[in-house]
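Let's take a quick tour of this structure, one topic at a time. Have a look at it first, then read on.

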Amino acid sequence: MQNVSVYQLGIRFISACLDYYNGMNAYLVFYVASLLFVGLKGDRKVREIFLPSGIMLLLTVYNPFFPILIDRFFDINKEYYRFFWLTPITILVPYGGVSVLEMEEGKKKMAAAFALTVILIFTGDYIYKNGYTKAENPYKVPNEVIEVSRMLHQVSEVETPKAMMEYDFNMMMRQYDPSILLAVGREDYINGVTYEITEEQMNSKENGFLYRLVAVMMRGEELEKEKFLEALEGTNTEFFVISKGNLIQDYLIDMGLTKAGETKGHILYRYNVKERENPYVDNIYTNF
Amino acid sequence: MGNTVVCIGMIFVNFILYLSFGSFLTRFLKKEVFSVSLTVLVGFFFYYSLFSIVCVPMMIRLRPLSELSKIWGGLVIFIVLLSLLFHWKMWAGAAKGIGEFIKGHWIFFLCAVALSIVQVVVIVNAYHFTLDATFYVGTVSTSVYTDRMNIFNPYTGAWQDHFELRYFFATYPIHDAIVCQITGIHPLIETKTIMSSIVILFTNMIYYKIALELWGEKKSSVWLMMFFAALIHFHYITIFTSANFLLTRTFEGKAIIGNVVLPALFYFFILILKGRDSWAYWIMLFFICVGSNGISTTANMLVPAALGIYMFPLTFLKKRWTFIPKCLACMAPGVVMMLLYVGYVKGYYVLYTYIR
């Protein structure tokens, strides 16, 4: 959870975390109800199974002071929600449900089972509520990713072509084809897409070239030719892969890039970079 | 079609491996009937415990992936043959027992199998775009392509001068890389179809085991409990829930921690509470804890916490103070891993990817 902090929220951290964690789902409420049911109606063995962990969870994970205490030792802001996984909701709620069904017999039991199914469905948030998207191929990446990979190798003179791609392709390409090198990694890309890219960042020695590439690709910024080409040379980036709807095509042509190929939805632009790299063979590691 | 056959074949092969490894632990349960499901479950974690012990030193020594493939491949063949030699009678007896069980409870068996298979088919055929896949699957692809382990950045392919310790000890993706290197299966198929299917089957298996402990011979109640658990998995969705990890990020170690390891710890809590607290059970629990650290770094934090929450109350319930040192022993691997990571973050040490 990126937007909650123990430092800012103090004892309200737990409730903020729980709001994000549960969303509109009612299963945590059902867990508490099942716990009460087991406490009141369950036999000794069942009570011993579910009540101690419920109490322990209340004293620790759900204790508003607990995150404040452990935040002194570890930075738990982003990952505290994983402690909620310790709550055996998917064990106790079904158990409680079946226990209720066991009280009925025959047709009444069938009706109760149906009612319970409906309740569980309508008090949750169905994973495929916006439709089920079947993967296009066994690799579970869009066919276009495979097509772009094939085309890059077709037009490239080296085994490891280096490219700058749009965000989603940047994140998927190397899962399918690790021989393709990418100019920008995950964090730099996310920072560049999420926040405003300042002039200072684009001129920084550390990641300046990367920010320039992201600014052009994702924000459509038209940088001075010298600055843009410096970024391409500085990162040894030979290819720009953009979707056909991307409006930077004219800019890329003005910068001297040429169209190298095209798939159904994407266009490959090429820049004659002076130096190409292959980190898989040219580094200190492979030299001993 | 060919791809489906390969995937189903690989799932069977994996289960045979887990059965072979797990039998070395469950064979000590001499007073009880040999349980294939318990053996496979425990075997999975025992397998990954041993794999981490072999893999980590080789990564530190910067050995190529192919060398690890040969060593691990050889070791696995040896252990499977050894297991066959020692346990074939147990397995034959279990096969007979399973046959009788299916004969006696064929409706339950068909319903349980159908429930699991429907989930596998629905989940592994869905398309999801998740950012973290870039790292987890990218690590497998990059390791196979470069024949190196964790040396190159999976996001870009750039060389890294030191190991990222956050992921270093979670060797699960490296194991996938070995399987891909040996079999020639593409990393995306190994991670997103084969291992994902195994995780979903394990999730159902552990819910079956728990339901069995709670409902005993009432098979309709056991199945209903499995069904309601599955229903909740498909509906308890925000980007943070373990159910969401099971359905959209099944190939990540975190999905295994949230959906297999934590319910497994709860299952062992039930077993021990019911008096099955012999050394053999504690050793199995210990290997679940060790193996989970090799699957995901998340286990370093969650497994000791889960042991504290589920197991410590047992000491008072059963009035058995000897449970405390046993619990602490199970917590120790996670705590050690956590301290190793904290040491790295604080800058006490770095593991470089080249000889300095």
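Two residues are in contact here if their C-beta atoms, placed from the backbone, lie within 7 Å. Keep in mind that this is a predicted model.

**Two helices in chain B**
- Helix H1 (residues 2-26) and helix H2 (residues 36-60) of chain B have axes that come within 6 Å and cross at roughly 95°.
- H1(B) and H2(B) are therefore roughly perpendicular to each other.
- Residues of H1(B), including B:Phe15, B:Leu19 and B:Gly22, meet residues of H2(B), among them B:Val36, B:Val40 and B:Phe44.
- Sort the contact of H1(B) with H2(B) by class and you get 13 nonpolar, 6 polar and no charged residues.

**The sheet in chain A**
- Chain A has an open sheet of 5 strands, in the order E2-E1-E3-E5-E4, with mixed pairing.
- Strands E2 (181-182) and E4 (258-262) of chain A each have a single partner strand, so one side of each is left without a neighbour in the sheet.
- E4(A) pairs with strand E5 (residues 266-270) of chain A in the antiparallel sense, over 4 bridges.
- A:Glu262 has A:Ile267 in E5(A) as its bridge partner.
- Lying across strands E1, E3, E4 and E5 of chain A is helix H8 (residues 143-155), which runs at about 25° to E5(A).

**Where the chains touch**
- In total, 63 residues of chain A are in contact with 64 residues of chain B.
- On the side of chain A that touches chain B, H6(A) gives the most, with 10 residues.
- That side of chain A has 40 nonpolar, 14 polar and 9 charged residues.

Note on methods. Residues numbered from 1 in each chain as written. Chains lettered and ligands numbered in written order. Predicted model: local features only at pLDDT ≥ 70, side-chain atom pairs only at ≥ 80, totals over all residues. Pairing = 2+ DSSP bridges. Axes fitted to C-alpha atoms, helices over the stretch in contact; angles between N-to-C directions. Parallel < 35°, antiparallel > 145°, perpendicular 65-115°, else oblique. Nonpolar A, V, L, I, M, F, W, Y, C, P; charged D, E, K, R; others polar.
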